[in-house]
Amino acid sequence: MSPVRAPRRRSIRASRTALAVSGILVGALALSACGGDGSASSGGGGTNFVAGKDGIDTVPKEDRTAAPKLDGTTLQGEKFDVSSLKGKVVVLNIWGSWCPPCRAEAPTFAKVSKELKNKGVEFVGIDTRDDQKALAVQFEKDAGIEYPSLYDPDGKLMLRFPKGSLNPQAIPSTIVIDKDGKVAARSLAALSQKKLRSMIDPVMAEK
């Protein structure tokens, strides 16, 4: 055996091992980012929110802060600004077509959005980290989603929420914005219909 070849084989084996470990880590991170079990740090910073046992954080009306400007282009190529919905309750859902929990909750969001459409509640999606718009469009079609979704492949819209606020920290995340354009509630996990309505109904009832 040549003394030159042995180190080369060890180098190749080491490289393959490193690549395998790297792949495992990337996969674990992807699953963690998508799953979003609601255990991420809430930020604090004077937000004055109430952390519920069901993983839903809420803010008393007097302590709420304004939602950031969220505007851009929808998956259908139309300009859209969430601030145009001020005066209504807005349910903001951050999702990605690549995310299994997002796929699981999507039909629920489609159903509830249609039920509340004529009751002063508007749903808006933010499609994030989707490199292929066509997959996101098909996602909405399969789920029966008819409300607009802003296309945010780089995740920049999520970063508009200030640190220390009830900001989206996982995918999926859901945020309820009150009639005054202020953040009222947040969930960092996929939602059942019961949990989704528990976020919306109290804000709907506010005068």
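Tutor: Let's start with a term: buried means under 20% relative accessible area, exposed means over 50%, and partly exposed is in between (1.4 Å probe, protein chains only).

Student: Okay. Which model are we looking at, a predicted one or something else?

Tutor: This is a predicted model: local features need pLDDT of at least 70, side-chain atom pairs count only at pLDDT 80 or more, and totals for chains, interfaces and linings use all residues. Residues are numbered from 1 along each chain as its sequence is written, and side-chain values use heavy atoms, with hydrogens and water left out.

Student: How many helices and strands does the protein chain have?

Tutor: Four helices and nine strands. These are DSSP runs numbered from the N terminus: helices are H or I with at least four residues, strands are E with at least two.

Student: Now β5. Why is β5 largely enclosed?

Tutor: β5 covers residues 89-95, and seven of the seven are buried, so the rest of the structure largely encloses this strand. Both faces are covered. Val 89, Val 91, Asn 93 and Trp 95 are buried on one side, and Val 90, Leu 92 and Ile 94 are buried on the other.

Student: How does β5 pair with β6?

Tutor: β5 and β6 (residues 121-128) pair in the parallel sense over seven bridges. For example, Asn 93 has Gly 125 of β6 as its bridge partner.

Student: What about β6 and β7, parallel or antiparallel?

Tutor: Parallel, with four bridges joining β6 to β7. Gly 125 turns up here too, standing opposite Ser 149 in β7.

Student: Let's jump to β9. Is that strand buried or exposed?

Tutor: Buried: five of the five residues of β9 (residues 183-187) are, so this strand is largely enclosed by the rest of the structure. β9 pairs with β2 in the antiparallel sense over three bridges, and there Ile 56 stands opposite Ser 187.

Student: How many bridges join β8 to β9?

Tutor: Four, with β8 (residues 173-177) and β9 running antiparallel. Ile 177 stands opposite Val 183 in β9. The hairpin of β8 and β9 has five residues between the strands, and in it Gly 181 takes a positive phi near 80 degrees.

Student: New topic! How many salt bridges does a search of the whole structure find?

Tutor: Twelve. A salt bridge here is a side-chain nitrogen of Lys or Arg within 4 Å of a carboxyl oxygen of Asp or Glu. One of them joins the side chains of Glu 206 and Arg 64, at 2.6 Å from N to O. This pair links distant parts of the chain, 142 residues apart: Glu 206 is in the segment after α4 (193-204), while Arg 64 is in the loop between β2 and β3.

Student: Is Arg 64 buried or exposed?

Tutor: Arg 64 is buried, at a relative accessible area of 10%.

Student: What does Glu 122 form with Lys 88?

Tutor: A salt bridge, with the closest N and O atoms 3.2 Å apart. Glu 122 sits in β6 and Lys 88 in the loop between β4 (79-81) and β5, so the pair ties together parts 34 residues apart in sequence. Glu 122 counts as buried at 11% relative accessibility, whereas Lys 88 is partly exposed at 35%.

Student: And which residue forms a salt bridge with Lys 114?

Tutor: Glu 146, with the closest N and O atoms 3.8 Å apart. Lys 114 belongs to helix α2 (residues 100-116) and Glu 146 to the loop between α3 (133-143) and β7, so parts 32 residues apart in sequence are tied together. Lys 114 is partly exposed at 43% relative accessibility, and Glu 146 is exposed at 65%.

Student: Last one: which residues do salt bridges that share partners join into one network?

Tutor: Lys 69, Asp 71, Asp 81 and Arg 160.

Technical notes: Two strands pair if DSSP finds at least two bridges between them.
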